[in-house]
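Trainee: I would like to learn how to read side-chain pairings in a model. Could we go through them one by one?

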Amino acid sequence: MASNTDFVQFIADQCASAGNIMTKKMFGDYGIYCNGKIFGLICDNRFYLKPVDEIRNLLRDVQLCPPYEGAKPYFYIADVDDRDYISMIVSETVKHLPEPKPKRKKR
């Protein structure tokens, strides 16, 4: 089951104070970006953060599970209603992710 656009927009709004938030449809679900870095996924109306060790102690509930079959485990974030909490963990996650690789020019 794919995520509905209302839920995707809700998550993007919850993350808004972390930076420039953008979502991109990918394989029926969504990737979510902050300042050009992909930091999470929205799959089946569930929000997942890339597993960054530095934020583990900031999470209220640590649940590692794959967002879809065959995927590596991500932090599943069940408590999405607290905007300050979501923005804080997104901001901290993005700090610890590498810069995106420059895109190659197409010939």
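Mentor: Side chains of opposite charge can pair when their charged atoms come close. This is a predicted model. In it, Lys-95 forms a salt bridge with Glu-92, with 2.8 Å between the closest N and O atoms.

Trainee: Where do Lys-95 and Glu-92 lie?

Mentor: Both lie in helix H2. They are 3 residues apart, about one turn of the helix.

Trainee: Which residues of H2 are buried?

Mentor: Tyr-85, Ile-86, Ser-87, Ile-89, Val-90, Thr-93 and Val-94. These buried residues pack against helix H1 and against strands E2, E3, E4 and E6.

Trainee: How many residues does H2 have, and how far does it reach?

Mentor: H2 runs over residues 83–95 and has 13 residues. From first C-alpha to last it reaches 18 Å, close to the 18 Å expected at 1.5 Å a residue.

Trainee: What caps the N-terminal end of H2?

Mentor: Asp-82 does. One of its side-chain oxygens lies 3.2 Å from the backbone nitrogen of Asp-84. Asp-82 also belongs to a network of salt bridges that links it with Arg-60 and Asp-79.

Trainee: What is the N to O distance between Asp-79 and Arg-60?

Mentor: It is 2.4 Å, in a salt bridge between the two side chains. This pair links distant parts of the chain, 19 residues apart. Asp-79 is in the loop between E6 and H2, and Arg-60 is in the loop between E4 and strand E5. Asp-79 is partly exposed, with a relative accessible area of 31%.

Trainee: Which ring does Arg-60 lie over?

Mentor: Arg-60 lies over the face of Tyr-85, at 3.9 Å from the ring centre. Tyr-85 is one of the buried residues of H2.

Trainee: How many salt bridges does a search of the whole structure find?

Mentor: It finds 4. Among the salt bridges is the one between Lys-37 and Glu-99, whose closest N and O atoms are 3.3 Å apart. Lys-37 lies in strand E3 and Glu-99 in the segment after H2, so the pair ties together parts 62 residues apart in sequence. Lys-37 is buried, at 9% relative accessible area. Glu-99 counts as exposed, at 61%.

Trainee: Now the rings. What describes a pair of them?

Mentor: A pair of aromatic rings is described by the distance of the centres and the angle of the planes. A search of the whole structure finds 3 aromatic pairs. Take Phe-7 and Phe-10: their centres are 6.5 Å apart and their planes stand at 40°, so the pair is tilted.

Trainee: How many residues apart are Phe-7 and Phe-10 in helix H1?

Mentor: They are 3 residues apart, so about one helical turn separates them. Phe-7 counts as buried at 17% relative accessibility. Phe-10 counts as partly exposed at 30%.

Trainee: What about Tyr-48 and Tyr-76?

Mentor: They form a tilted pair, 5.6 Å centre to centre with 45° between the planes. Tyr-48 is in strand E4 and Tyr-76 in strand E6, 28 residues apart, and the pair links these distant parts of the chain. Tyr-48 is buried, at 3% relative accessible area. Tyr-76 is buried too, at 14%.

Trainee: Which residue lies over the face of Tyr-76?

Mentor: Arg-46, at 3.9 Å from the ring centre.

Conventions:
Residues are numbered from 1 along each chain as its sequence is written. This is a predicted model: local features need pLDDT of at least 70, side-chain atom pairs count only at pLDDT 80 or more; totals for chains, interfaces and linings use all residues. Side-chain values use heavy atoms; hydrogens and water are left out. Helices (H or I, at least four residues) and strands (E, at least two) are DSSP runs, numbered from the N terminus. The expected span of a helix is 1.5 Å times one less than its number of residues. Buried means under 20% relative accessible area, exposed over 50%, partly exposed in between (1.4 Å probe, protein chains only). Contact means heavy atoms within 4.5 Å. A polar contact is a pair of N or O atoms within 3.5 Å; within protein, one must be able to donate a hydrogen and the other to accept it, and residues adjacent in sequence count only if both atoms are side-chain atoms. Rings of Phe, Tyr and Trp (its six-membered ring) pair if their centres lie within 6.5 Å; planes under 30 degrees apart count as stacked, over 60 as edge-to-face and the rest as tilted. A charge sits over a ring if NZ of Lys or CZ of Arg is within 6 Å of the ring centre and within 35 degrees of the ring normal.
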